[in-house]
Amino acid sequence: MSMLGKPVSFAAEASLWIAGAAIVAGMAGAQWTLDVPIDISSLTGPTPTSSANANPSPTEAPTLSLQTLAPGESPTASPLVAKYQAYVAKANYQFVAKYTTVQTSIVGGKPTEVDESGTMSYKNGNHSDFSRVTTDGTVKTDDTISIGSSKWERTNGGAWAKSARPATDSASDRLIFAPAALFLDDGVETKNGLQLHRLDIADPVAFSAAMVKASSGATAAQLTYTVWVDDNGVPAAIHMEGTVTGTNSGVSTNTTLVDDFRVIATSGVSITAPS
């Protein structure tokens, strides 16, 4: 994610990364690199104020409003949706998740697949992400920590490199992890061996458009977004999948992506800078 921290350029290591690849990496904890300025208020609405933020992110902007519905759909008046939105809006919202992402595309006639898995921690805009990335059979580790206005990154266990964290980082975080969008309550189902309430984003068209607007290089997207919550509205799992179209260096590419997060802790999260 700029969502959770790793800088992602729109160039592949073995081939070309397109905007869809950046979004996928973002969902797994990467930072969506924004090459051109955007008006964050157009994505997030007015900037809220909070005195309870123990770990301030560089931009306290983040809540995107997507209170619209897809054609033909109607909202379910569910208290679970309200509970979920209240939970992720808390000043000290935090969790640890295990995740996997798979992205596939065809670049220059050659199929390319990127698989990533790892552990991600999030606490009120700050995050850490420790992952293993396989690109067409080539494996590396990629670790990122983002705190306040700084970020640290290392590859294959090397030295940490510190740099400035873009102020737009938190906007994409909140698109995924603390969304204010309207959800439909689709009832209880089994997920990861648990009985959980399934909430699907009500307007995937608006959600996809917001994801494109928060990225650089993406020109179109068709994405779905689902979160599973317990009886108190606490998120237990997140799933996003779909296709993204982007252009890089004059090459237009479609990428198919699947992202899955399984929440393993919702308290006791500690994110510290490398020593």
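**Exercise 1. Find the ring that lies under the charged end of K191, and give the distance to its centre.**

Step 1. The criterion comes first: a charge sits over a ring if NZ of Lys or CZ of Arg is within 6 Å of the ring centre and within 35 degrees of the ring normal.
Step 2. The ring is that of W228, and the charged end of K191 sits over it at 4.3 Å from its centre.

The model is predicted: local features need pLDDT of at least 70, side-chain atom pairs count only at pLDDT 80 or more, and totals for chains, interfaces and linings use all residues. Residues are numbered from 1 along each chain as its sequence is written, and side-chain values use heavy atoms, with hydrogens and water left out.

**Exercise 2. Classify the ring pair of F207 and Y225, and state whether each residue is buried or exposed.**

Step 1. Rings of Phe, Tyr and Trp (its six-membered ring) pair if their centres lie within 6.5 Å; planes under 30 degrees apart count as stacked, over 60 as edge-to-face and the rest as tilted.
Step 2. The centres of F207 and Y225 are 5.3 Å apart and the planes stand at 40 degrees, so the pair is tilted.
Step 3. The pair links distant parts of the chain, 18 residues apart: F207 belongs to helix α5 (residues 204–213) and Y225 to strand β11 (residues 218–229).
Step 4. Buried means under 20% relative accessible area, exposed over 50%, and partly exposed in between (1.4 Å probe, protein chains only). F207 is buried at 1%, and Y225 is buried at 1%.

**Exercise 3. Determine how many aromatic pairs the whole structure holds, and describe the one formed by Y99 and F261.**

Step 1. The search of the whole structure finds 12 aromatic pairs.
Step 2. Y99 and F261 form a tilted pair, 5.6 Å centre to centre with 35 degrees between the planes.
Step 3. Y99 lies in strand β3 (residues 94–107) and F261 in strand β13 (residues 251–265), 162 residues apart.
Step 4. Y99 is buried at 2% relative accessibility, and F261 is buried at 3%.
Step 5. Ring pairs link Y99 and F261 into a cluster with Y87, Y93, F95, Y122 and F177.

Key
Helix = DSSP H or I, 4+ residues; strand = E, 2+ residues; numbered from the N terminus.
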